[in-house]
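Colleague: I'd like to learn how to read strand order and chain contacts in a model like this one. Could you walk me through it?

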There are 2 protein chains.
Amino acid sequence: MQSLMMDVPLQIKTLLWRAERLYGHKEIIARTGDAFDAFTFTELGRRARKLSNVLAGLGVTFGDRVGTLAWNTAEHLVAYYAVPCMGAVLHTVNTRLSDDQIAYTIAHAGDTVLLVSSDQLPLLARLTGRLADVRTVVVLDGEAPADVELGVPVLAYTDLMAEASDEYDYPDLDENTAASMCYSSGTTGDPKGVVYSHRSTVLHALGLCTTGTIGVSEKERYLLVTPLSHVNSWGMPFACVLQGATIILPGDHPVGADYLKVIEDAAPTVLVGAVTVGMLIRRALEEHPGDYDVSSLHTMWLGGQAPPVVEMKWWKQAHGIHITQAWGMTEASPVLTFSGLTSTNQDLDEDARFEIFSTQGQPLPLVEIKLVREDESEAPWDGKTPGEVLVRAPWVISEYYNDPRSAGSFSDGWFRTGDIATMTQDGYLTIVDRAKDLIKSGGEWISSVELENALIAHPKVIEASVVGAPDPKWIERPVAFVVLSDTVSPDELKLFLKKRFPSFWVPDRFEVITELPKTSVGKFDKKRLRNEYV
Amino acid sequence: MQSLMMDVPLQIKTLLWRAERLYGHKEIIARTGDAFDAFTFTELGRRARKLSNVLAGLGVTFGDRVGTLAWNTAEHLVAYYAVPCMGAVLHTVNTRLSDDQIAYTIAHAGDTVLLVSSDQLPLLARLTGRLADVRTVVVLDGEAPADVELGVPVLAYTDLMAEASDEYDYPDLDENTAASMCYSSGTTGDPKGVVYSHRSTVLHALGLCTTGTIGVSEKERYLLVTPLSHVNSWGMPFACVLQGATIILPGDHPVGADYLKVIEDAAPTVLVGAVTVGMLIRRALEEHPGDYDVSSLHTMWLGGQAPPVVEMKWWKQAHGIHITQAWGMTEASPVLTFSGLTSTNQDLDEDARFEIFSTQGQPLPLVEIKLVREDESEAPWDGKTPGEVLVRAPWVISEYYNDPRSAGSFSDGWFRTGDIATMTQDGYLTIVDRAKDLIKSGGEWISSVELENALIAHPKVIEASVVGAPDPKWIERPVAFVVLSDTVSPDELKLFLKKRFPSFWVPDRFEVITELPKTSVGKFDKKRLRNEYV
């Protein structure tokens, strides 16, 4: 028997409708250098419809991909609504990838128009001739420069917007229509494309607005440090608009002191960003004691990797700020679990509460999780038996975009995360081991396997193994162990890798040893390397 | 371009999965006479699977309707999961309808099995021969009575459950599969059937769990007074299970003192019930001052009609309890708007805050609203222009079940609620009348709701209802029916109203009666007032 309920699609324009109709006077506050561009949700809707008209004028139609290479700016946020609401697909290019990877993702996604910060033009100039389907570049800030030759027209956003109509009747879309794209980095080979739908975006946003998660609320002011250029800034631009919550954006090239200035001037109550950003802000605070007022903040959601408990405790003790965390991945929109207290554990003493906060938390509504052992049997939720985490949710991918590597990531309708975890009896997840051989530095994955393969390709390197070493600033940095056939300097090896990888991938330390330790089956024994050398 | 997200259906079994896996130890506390049946969410899952096996054994298959005639008991709640999760459809029969209406709904829905409280057996005996497709009756409490002859087998729930397996592998369902049914009452003619889907049920539950609405939370304890036999107890049994929130059920035949006893013993933090129940509890409290402890409660969500502001103030002042309200209807699962403060109005003084609380609030996430005038033009959201409320949401019906009367209720994909309201600029809705309860006098509209609210604020008026009576000169004139606590003259009431309204609004006639007639769902029955008195 079928339902007799309305077939109303879950779509991003409904979020915008809500913000405009209920919270039209509420604000988005975007840092622009030393000043702020503050504008209302009414204005967000107006700018979105103008940009949709601009894009339509540039030939963008249903299903076309529009790429962005941009910071957390007002213009980037406007694109979050302008592009999907017209039925096109927002591809947020991760600007921290290497030139080759960026060229690959733009070509692979088939971007037709690029919306770029002016500081990305030199990058695009380096990629001239490799921009594939791109036929127009729009510079989001300032004039279109006369001296840049990209082989395609370069236009100024402000000029285009000035002439555009602010009327655009957004169509009703099938909720499974693609809304945005992002490329997952850090696995071997080329980045893999992930395509989010209107449905997945709306459901993920609702998940973030439910009590027991970050619980996005109209009453809070969210500083979104986590990049708009990666995994939809953890879905916060959608959840905040749904709820009419104040959005604060740190603008371009923010450094530690900029964050502190934004916090002082725009008074966010919740900061959302990478663990490394939290550490950066802490250092800036410690270097300038008493110079900045962070008292507006009550919570920081720090992600990308688990925030260390010592950091959590420092923030609580020094500033009364609660650090919360989630777990997820590009393939999952990204949030799967959220760390918080329940009625059962909220009255524990402080140390026991920090134990809870140090887990990755419980699954969000609609997220199902299971742990499987190596033999594929299901591991119990007993707080100690590890297993690979398999997940199922309406905001998890079913396959990578046009990618034959999809097959290995799924089992019987579940996505294999590659993370190893334990679950307590009440569903608190703790990641105990990362996907094999990956290093997480500053919130970004670095593949040790790829670095090793590259090093071994050097004529003077016989063997190479790369492991993660603890680092005060980046949590973890790669260290390379090499067996050489002839003398070669670390600088030469660094230069050798820099040609192939983003600079942050390049190890800071190179240790020359006579032989790499091996396991009984002849694999490089990374555990011993870590224990004995790092 | 299509999404590459998992096609994971929104289904009720996912809510149960979550409660069992994350909150297995949390409790449902059901009053059974003077005692309580307290059982865990783990046990809820176990009982649900047992009942599914029982029903399968009675021949219930995919799409079959299973009717309930029952109170807010543990067994009724178990059916909320057992029936939809196996792909069958739960028809909660509204036991407060007339015999004829009950016979009509059971036949119209095509119920094959009825799950009934033993006190409903005399009713069924009166309907012998009119039970249509019913082939088995299961008595939820106690033995199957030997002396009842219904023409179909009458079996005992406890006997059937004792023998049933607690293993049942619930199938993945298309999310548009029908999950439950309810009949809308209070309109002319036969009741109209509404069919809820798994999708609409899950989305509505998520809506109730978002911040800014009732915000169902794992940390609260919900006393569900609103009947499980009508509109899924406002969706709370689904939202509470999704969040692992403690559910407290008042059991069979509760009276005012029973509610107070349950509050004292089971310590709910939030009570959910009809406005009339709030008034019942208030009277019981006033009659037994100091006898009952209601200090566990911080909020009462009172619905069915707008709670009078004087009631809200009494609860706040006497017990520190916040009264909140929503607006909706059977056709909308039922919640469409929820009353609450935002960052913009939370710092107003107390009287101004009560003004906000006296509205029906703002639309829930995913609910779209528009107001239309009689000429179908859209009315502005200016806080004063009334219009009929049209709604669109994934949990609103697209048609009534097998009913030719559907056509008149829809316009261009929107559901016509028949309610007349104003909307403020920030989307606060105030119902000014039912379309058919508006009084048109001398060509001018008079709002019966506003007159009623004003009358109830008079210290000697307990209840008031205003209806239109034919008038030779003005076509229609308002007549007020009042229940008084003390003598008061019509002239005094007229004077009282004249201070607030245009003189033509003031009723010419005041009828003092001992009790206002109520509909099956506890609303004032204006149809009966009109028919019997006017």
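Modeller: Let's start with a sheet in chain B: seven strands form an open sheet in the order E7-E6-E5-E3-E4-E8-E9, with mixed pairing. Strands (E, at least two residues) and helices (H or I, at least four) are DSSP runs numbered from the N terminus, and two strands pair if DSSP finds at least two bridges between them. This is a predicted model, where local features need pLDDT of at least 70, side-chain atom pairs count only at pLDDT 80 or more, and totals for chains, interfaces and linings use all residues. Residues are numbered from 1 along each chain as its sequence is written, chains are lettered from A and ligands numbered from 1 in the order in which they are written, and side-chain values use heavy atoms, leaving out hydrogens and water.

Colleague: Which strands are the edge strands of this chain B sheet?

Modeller: An edge strand pairs on one side only, and here that describes strand E7 (154-156) and strand E9 (192-197) of chain B. From one strand to the next, the twist averages 25°; the axes behind such angles are lines fitted to C-alpha atoms, for helices over the stretch in contact, and angles run from 0 to 180 degrees between N-to-C directions.

Colleague: In what sense do strands E5 and E6 of chain B pair?

Modeller: Strand E5 (residues 111-116) and strand E6 (residues 136-139) of chain B pair in the parallel sense, over four bridges. To find one on screen, look for B:Leu114, whose bridge partner in E6(B) is B:Val137.

Colleague: And what is the strand order of the open sheet in chain A?

Modeller: That sheet has seven strands in the order E2-E1-E11-E10-E12-E13-E14, again listed as mixed. Its edges are strand E2 (35-40) and strand E14 (322-324) of chain A.

Colleague: Now the interface. How many residues of each chain are in contact?

Modeller: Contact means heavy atoms within 4.5 Å, and 81 residues of chain B are in contact with 81 residues of chain A. Buried area is the accessible area (1.4 Å probe) that two parts lose on being put together, summed over both; here it is about 6300 Å², with carbon and sulfur atoms giving 60%.

Colleague: How many salt bridges are there between the chains?

Modeller: A salt bridge is a side-chain nitrogen of Lys or Arg within 4 Å of a carboxyl oxygen of Asp or Glu, and the count between chain B and chain A is four. One of them joins A:Asp172 and B:Arg392, with the closest N and O atoms 3.3 Å apart. Helix H7 (residues 198-209) of chain B gives the largest share of the chain B side that touches chain A, six residues.
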